[in-house]
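Reader: I have a structure open and would like to go through it with you. Can we start with the charged pairs?

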Amino acid sequence: MTHPVGQKLPNAWGLYDMHGNVNEWCLDWYGDYPTSAVTDPIGAVTGWSRVIRSGSWNNNANNCSSAFRSYTAPDNRSGGIGFRVALVKSKNITIPLSDTVDLDMIWVEPGTFMMGSPTDELGRDADETLHEVTLTQGYWIGKYEVTQAQYEAVMDSSNPSGFKGADLPVETISWDDATNFCAKLNAQEKAAGRLPQGYEYTLPTEAQWEYACRAGTTTALNSGKDLSDKEQCPNVDKLGWYMYNSNDTTHPVGQKKPNAWGLYDMHGNVWEWCLDKKGDYPTTPVTDPVELVTGMDHARHGGCWQSNAAVCRSANRGYRSNSDKDTGFRVALVSKNITIPLSNTVDLDMIWIESGTFMMGSPADELGRDVDEFRHEVTLTQDYWIGKYEVTQAQYEAVMDSNPSEFKGTDLPVDHVSWDDAMAFCEKLTASERTAGRLPEGYEYTLPTEAQWEYACRAGTTTALNSGKNLSDKWVCPEMDEVGWYLFNSEIDDRRVTHPVGQKLPNAWGLYDMHGNVWEWCLDWYEKDYPTSAVTDPTGPKTGVHHIYRGGFYSTSADSCRSAYRCYDFSYSTGEYYGFRVVLVPVK
């Protein structure tokens with residue numbers, strides 16, 4: 001049994017019961033430790049189990065050691081688990097670019113703000129239509145404009161700047177230069193094991209830039225003040241370097257006052273590139289606006305050392321097609337996951353999947369294995385997005401204005417859907433997103449190929465289930481119960497039924513219900529024999545009789561829900577067990 005806290009000896013820092021009494025929850029998802037030195041580790045971004053430490057009253061001495069690690073499902077409420085709290089400074093992070101140069105990133109919480117400027121704002125331009133923007137995902141953004149020391153650390157000592165100085169913002173930077181820096185930083189951080197799964201360094205979108213700049217303000221400047229004059233303004237002088245205080249040069253970053261979120265030089269010093277190409281603002285509320293991918297010039301914000309006060313406002317929008325001595329950038333670390341608004345009340349969450357190589361199929365000794373699961377190496381060369389959940393009835397109705405499901409419920413997976421129905425959904429979604437201007441150029445919504453489905457399901461695992469566990473039994477299986485609805489846990493009122501999406505544990509990449517609930521159609525025609533050698537970007541046979549579906553459903557055994565399990569039916573076949581999830585991929 002447990003005992004009152006504080007009865008055993010504390011450690012040297014005065015902490016009690018760090019060994020035994022109860023296991024203690026940690027914030028991190030469980031994962032492998034890195035093999036080299038790390039700074040401010042935050043653990044895996046997603047996973048199926050959270051870390052617990054310290055051992056408990058019913059563990060042996062080894063399990064109570066300082067280094068011992070254990071893990072369990074985050075909804076586990078067993079008697080041997082408790083916790084202690086930490087008061088931490090923030091989610092802000094520091095990235096070591098070299099032995100002597102760091103990159104400070106400020107965490108920005110998601111939220112809603114008014115982008116653009118009111119019609120009576122002094123210095124306003126016609127392209128600043130005021131409209132509501134909601135950002136549903138938080139992100140990190142550079143505390144400062146990228147300095148020359150930081151640029152040199154990533155770009156192998158290259159420095160195009162006209163004004164030289166390690167702590168000066170890098171300038172004479174084109175949009176291509178800035179995105180190349182981000183690409184190289186991504187590669188460096190990924191190699192170091194510090195890049196969170198599904199995240200990338202990039203330029204901020206216009207919406208991300210202005211939201212971070214404003215930091216909750218609605219005034220012309222992020223100090224909460226407006227301009228007193230369009231040219232020379234003491235309110236700008238406190239925040240940034242501009243025409244009337246710069247002496248015609250850039251200045252070291254971080255010398256002026258930060259905004260309420262701790263960001264410096266959002267007004268003046270150098271223009272900052274945004275990811276978007278400049279276009280007209282919408283006139284109605286928008287959610288997670290994606291960058292405009294067509295147009296002549298990329299947007300830039302913030303003004304510079306040679307701008308007047310009006311040009312340095314939070315809402316001012318500049319643009320340019322090449323580099324200049326007045327232009328630099330700051331980076332953002334963002335989730336590549338996206339949320340698609342299907343209606344005013346219904347969204348579609350899509351998870352970014354990075355290309356890679358995996359073993360498709362199952363090993364010969366896997367419990368429940370079938371003969372059509374020959375194990376072979378598959379390489380996927382293109383990244384893609386896949387639905388976080390199976391398509392729900394609310395989502396299906398929002399796109400198709402109909403609902404064929406046997407089991408009714410807005411958050412239940414749509415069922416009774418044929419392969420033809422699923423493809424019609426994808427085609428209509430593609431058309432509507434193209435009309436809305438949210439569809440990336442050269443992309444379409446469709447069903448995942450069998451390889452894309454299994455790669456996303458496995459999320460790096462090689463076991464029968466994407467939790468990293470194998471089956472203990474082909475039928476009644478507690479390992480299956482953790483991750484999906486199947487024959488032995490789906491019954492309600494003496495009837496086996498589908499269940500709301502997202503109630504079981506996700507895989508390491510944040511995908512839910514890849515095991516059970518409803519079968520999920522894949523794009524491919526079925527072919528019994530897998531290739532016997534390594535393949536790249538397989539799409540299945542060109543023609544066939546049946547289409548593939550994967551994942552198992554609410555009324556099948558555990559072995560039919562395995563990551564490698566394959567089944568098939570006619571494209572027109574329907575049933576209360578057929579559903580699907582979508583992918584967003586480059587058009588073939």
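Author: This is a predicted model. Asp-156 and Lys-184 form a salt bridge through their side chains, at 2.3 Å from N to O.

Reader: Where do Asp-156 and Lys-184 lie?

Author: Asp-156 is in the loop between helix 1 (148-154) and helix 2 (175-191), while Lys-184 is in helix 2. The pair therefore ties together parts that are 28 residues apart in sequence.

Reader: Is Asp-156 buried or exposed? And what about Lys-184?

Author: Asp-156 is exposed, at 57% relative accessible area. Lys-184 counts as partly exposed, at 31%.

Reader: What do the side chains of Asp-401 and Lys-428 form?

Author: Those two side chains meet in a salt bridge, with 4.0 Å from N to O. Asp-401 sits in the loop between helix 5 (393-400) and helix 6 (419-435), and Lys-428 belongs to helix 6, so this pair ties together parts 27 residues apart in sequence. Asp-401 counts as exposed at 65% relative accessibility, and Lys-428 is partly exposed at 39%.

Reader: Which residue does Arg-438 pair with?

Author: Arg-438 forms a salt bridge with Glu-433, and their closest N and O atoms are 2.8 Å apart. Glu-433 counts as buried, with 2% relative accessibility. Arg-438 is partly exposed, at 26%.

Reader: What follows helix 7?

Author: Ala-459 follows helix 7, and its phi is positive, near 50°.

Reader: Why would residues three or four places apart in an α-helix point the same way?

Author: An α-helix has 3.6 residues a turn, so residues at that spacing point the same way.

Reader: Change of topic: aromatics. How many aromatic pairs are there?

Author: A search of the whole structure gives 32 aromatic pairs. One of them is Tyr-486 with Phe-488, an edge-to-face pair with 5.8 Å between centres and 65° between the planes.

Reader: Is Tyr-486 buried or exposed?

Author: Tyr-486 counts as buried, with 2% relative accessibility.

Reader: Which residues form one aromatic cluster?

Author: Phe-407, Trp-519, Trp-521, Tyr-549, Phe-553, Tyr-554, Tyr-565, Tyr-577 and Tyr-578 form one cluster.

Reader: And charges over rings: which ring does the charged end of Arg-50 sit over?

Author: The charged end of Arg-50 sits over the ring of Trp-29, 3.7 Å from the ring centre. Lys-325 likewise lies over the face of Phe-163, at 4.4 Å from that ring's centre.

Reader: I also marked Asn-308. Where is its place?

Author: Asn-308 is in the loop between strand 13 (298-301) and strand 14 (318-320). Asn-308 is buried, with a relative accessible area of 16%.

Reader: What does Asn-308 touch, leaving out residues up to four places away in sequence?

Author: Asn-308 touches Lys-230, Glu-231, Tyr-242 and Met-243. Asn-308 and Tyr-244 are 64 residues apart in sequence, and their C-alpha atoms are 7.5 Å apart in space.

Reader: Now the whole chain. How many helices and strands does the protein chain have?

Author: The protein chain has eight helices and 30 strands. Its radius of gyration is 27 Å, close to the 25 Å that the globule rule gives for 588 residues, so the chain is as compact as a globular protein of that length. The C-alpha trace spans about 75 × 65 × 45 Å along its principal axes.

Reader: What share of the residues is buried?

Author: Buried residues make up 52% of the 588. The chain exposes about 26,200 Å², and carbon and sulfur atoms supply 50% of that area.

Reader: And what share of the contacts joins residues at least 24 apart?

Author: That share is 68%, taken among contacts between residues at least 6 apart in sequence.

Key. Residues are numbered from 1 along each chain as its sequence is written. This is a predicted model: local features need pLDDT of at least 70, side-chain atom pairs count only at pLDDT 80 or more; totals for chains, interfaces and linings use all residues. Side-chain values use heavy atoms; hydrogens and water are left out. Rings of Phe, Tyr and Trp (its six-membered ring) pair if their centres lie within 6.5 Å; planes under 30 degrees apart count as stacked, over 60 as edge-to-face and the rest as tilted. Buried means under 20% relative accessible area, exposed over 50%, partly exposed in between (1.4 Å probe, protein chains only). A charge sits over a ring if NZ of Lys or CZ of Arg is within 6 Å of the ring centre and within 35 degrees of the ring normal. Helices (H or I, at least four residues) and strands (E, at least two) are DSSP runs, numbered from the N terminus. The radius of gyration is taken over C-alpha atoms; the globule rule is 2.2 Å times the number of residues to the power 0.38. Contact means heavy atoms within 4.5 Å. Accessible areas come from the Shrake-Rupley method with a 1.4 Å probe; for residues, only the protein chains shown count as cover.
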